[in-house]
Amino acid sequence: MPLVVVTGGCGFIGCNLVRMLLRDGAPDLRVRVFDAFTYAGDLRNLADVLADDRLEVVQGDVTDAEALRAALEGADQVYHLAAESHNDRAILDPWTTWRANADGAAQLLIAAKDARVGRVLFVSTDEVYGVAAEGQKFSEDAPLNPRGPYQASKAAGDCLARAFFETYGLNVVVARPTNNYGPYQFPEKLIPVLVWRALNDQPLPLYGDGQQRRDFLHVEDCCRALKLLMDRGQAGQAYNIPGDNEHANIEVARAILQLLEKPESLIHFVADRPGHDFRYALDGRKLADLGWQPLIPWEQGLRDTVAWYVENRDWLEYMVAKAQDFLSRWYSERV
Ligand code: TDX
């Protein structure tokens, strides 16, 4: 009976991945979620699959070596998604981010090596490359050039994964996805923040002039890529996961307002994020060579995502309440 461990399995990408693994997996599959339940990780994100007896949820922190040792015992595959994933929180509290993303990565890799895990799929980010100039796309062999505390902490883990392959022969593949969007994204990231604000007729905060660009990838497409890389990626290699779907933040805000039939006058420019990366862009040929491409068109993906938040307004309000301290502090400094 194959055992798959998903760290951060109660978070945004993690819960979507767990759902996909259970949906597509064999009857004898076992999925063990390891999650610290800090704030974004929440059992509610797995509520609809908790009754599946192939799923086990263990509470634990990736910086806790003993807890990790127990969680990885007998694991055939580990998807490492546990992270402090928000740039703005990292700006306010770089230590918490470093601890989870860099120390946590080190402990995870050590535990995987010691437990002789068959394969680790290590989730990094497009942000490790730094800013992409207009027309530029980074391929996997581009130098890492992180510019902020979140990016630097992810780059540390990314480099360490490679180091564990070279030094100990750990079977690890690194994934570098772009900005994911979709159901269950915590309302501190751009799209759910804007949806929540629009639903409540509150100003939509855009940093600076709102012209910064991101490549948006639907979480289902990302999870398919993670699974493919787990199955067919080459050990020791990194793979970009692009969305081929670049938009300025202000275009995203306008699209959300249109979908919710709210006026554009709700858009509000606020003080920029310090060190804000203007643009990210990835060359996806290496992953395309394995037969992957994004399948969910942006118009459909965004429409369905907005509809999901509307239908799951209770979930959204509950999560916003959990984020209230951060949201009040961060946005009160921006107006
Ligand atoms: O209120 C906002 N206003 C605004 O203008 C927020 C929350 C964001 N923004 C801008 C900043 C970015 O240019 O929107 C863009 C997207 O911001 P986020 O959703 O915070 O994502 P980003 O900083 O791009 O990082 C995301 O993608 C890469 C994830 O948070 C990371 O975990 C992932 O590694």
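This is a predicted model: local features need pLDDT of at least 70, side-chain atom pairs count only at pLDDT 80 or more; totals for chains, interfaces and linings use all residues.
Residues are numbered from 1 along each chain as its sequence is written, and side-chain values use heavy atoms, with hydrogens and water left out.

The protein has 11 helices and 12 strands; these are DSSP runs, H or I of at least four residues for helices and E of at least two for strands, numbered from the N terminus. The radius of gyration is 19 Å, close to the 20 Å that the globule rule gives for 335 residues, so the protein is as compact as a globular protein of that length. That radius is taken over C-alpha atoms, and the rule is 2.2 Å times the number of residues to the power 0.38. Buried residues make up 56% of the 335, where buried means under 20% relative accessible area with a 1.4 Å probe, protein chains only. Among contacts (heavy atoms within 4.5 Å) between residues at least 6 apart in sequence, 85% join residues at least 24 apart.

Helix α11 covers residues 313-332. Its end C-alpha atoms are only 24 Å apart, whereas a straight helix of 20 residues would reach 28 Å at 1.5 Å a residue; the expected span is 1.5 Å times one less than the number of residues. A kink of about 65 degrees is centred on A323, the bend being the angle between axes fitted to the seven residues ending there and the seven starting there. A323 is also one of the buried residues of α11, which include W315, F326 and W330. The cover over these buried residues includes α3 (87-92), α6 (190-199), β8 (204-207) and α10 (298-311).

Strand β8 is itself covered on both faces: L204 and L206 are buried on one side, P205 and Y207 on the other. β8 pairs with β12 (residues 267-270) in the parallel sense over four bridges, and pairing requires that DSSP finds at least two bridges between the strands. P205 has H268 of β12 as its bridge partner.

Strand β9 (residues 213-218) has six of its six residues buried, so it is largely enclosed by the rest of the structure. R213, D215 and L217 point one way, and R214, F216 and H218 the other. In a regular strand the side chains alternate between the two faces of the sheet. β9 runs parallel to β7 (residues 179-181), joined by three bridges, with H218 as the partner of Y181. Three bridges also join β9 to β11 (residues 246-248), here antiparallel, and D215 stands opposite E246.

Conventions: Buried means under 20% relative accessible area, exposed over 50%, partly exposed in between (1.4 Å probe, protein chains only).
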